[in-house]
Amino acid sequence: MSQSPNTFSLEADNIMPTPLLSEGETGNLPEVYEPSPNDVRCTRGSKAWIHNAHLRSLITDHLEEYAEAKNKHEKSRIVSGIISRIQKVGRFIRDKKDDGVWFVVSESVAREKVGQGFRDCLSEKYKSSTEAKRIRRKE
């Protein structure tokens, strides 16, 4: 089966992802852990924007495919593919505000981070995008 370079095929890629955690689990990383450029920081604000270039690049590469997806299952497949690509080279992480220790987030947090990235890029199409919410607050 021939696929375009932007289409995910989890079977063909032999993906061995870094496991995400189930809801409620904690996955503290070593205290001296320094996030790599391939890690996705699941935080708010400019810190996340600056450091999540790899995630933004993958979202941009698959934006058209996501926008044209006919149902939630297709969108979920695209999100899963991006998560798997990130996990080949990095992790989805968050820092604890009180002590600065980094930990691996749950799968649901990672999926929300990727999905929100798509919604923000397609802000004219989604009421749940950050831009749409900002406009509603000003009204």
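Where does Asp39 lie? I looked this up and found Asp39 in the segment before β1, which covers 40–41.

**Entry 1: ground rules.** I note that this is a predicted model, in which local features need pLDDT of at least 70 and side-chain atom pairs count only at pLDDT 80 or more, while totals for chains, interfaces and linings use all residues. Residues are numbered from 1 along each chain as its sequence is written, and side-chain values use heavy atoms, with hydrogens and water left out.

**Entry 2: the chain.** I listed six helices and three strands, where helices (H or I, at least four residues) and strands (E, at least two) are DSSP runs numbered from the N terminus. Read from the N terminus, the elements follow the order β-α-α-α-α-β-β-α-α. Of the 139 residues in the chain, 37% are buried, where buried means under 20% relative accessible area with a 1.4 Å probe and protein chains only.

**Entry 3: Asp39.** I returned to Asp39, which counts as buried because its relative accessibility is 3%. Leaving aside residues up to four places away in sequence, Asp39 touches Tyr33, His51, Asn52, Gly90, Arg91 and Ile93, a contact being heavy atoms within 4.5 Å. From Asp39 to Ile93 I count 54 residues in sequence, yet their C-alpha atoms are 6.9 Å apart in space.

**Entry 4: helix α4.** I then checked α4 (residues 72–89), whose end C-alpha atoms are 27 Å apart, which agrees with the 26 Å that its 18 residues should span at 1.5 Å a residue; the expected span is 1.5 Å times one less than the number of residues. Which residues of α4 are buried? They are Lys75, Ile78, Val79, Gly81, Ile82, Ile83, Ser84, Ile86 and Gln87, and their cover includes β1, α2, α3 (63–68), β2 (92–95) and α5.

**Entry 5: α4 against α5.** I recorded that the axes of α4 and α5 (residues 107–121) come within 10 Å and cross at roughly 115°, the axes being lines fitted to C-alpha atoms over the stretch in contact, with angles from 0 to 180 degrees between N-to-C directions. The two helices are therefore roughly perpendicular to each other, a term for angles of 65 to 115 degrees. On the α4 side, Ser76, Ile78, Val79, Ser80, Ile82 and Ile83 meet Ala110, Arg111, Val114 and Phe118 of α5. By class, this contact has seven nonpolar, two polar and one charged residues; Ala, Val, Leu, Ile, Met, Phe, Trp, Tyr, Cys and Pro count as nonpolar, Asp, Glu, Lys and Arg as charged, and the others, Gly among them, as polar. Within α5, I found Ala110, Val114, Gly115, Gln116, Gly117, Phe118 and Arg119 buried.

**Entry 6: α2 against α4.** Lastly I looked at α2 (residues 53–61), whose axis and that of α4 come within 11 Å and cross at roughly 145°. Here His54, Leu55, Leu58 and Ile59 in α2 meet Ile82, Arg85, Ile86 and Val89 in α4. The classes in this contact are six nonpolar, one polar and one charged residues.

Conventions: Angles under 35 degrees count as roughly parallel, over 145 as roughly antiparallel, 65 to 115 as roughly perpendicular and the rest as oblique. Buried means under 20% relative accessible area, exposed over 50%, partly exposed in between (1.4 Å probe, protein chains only).
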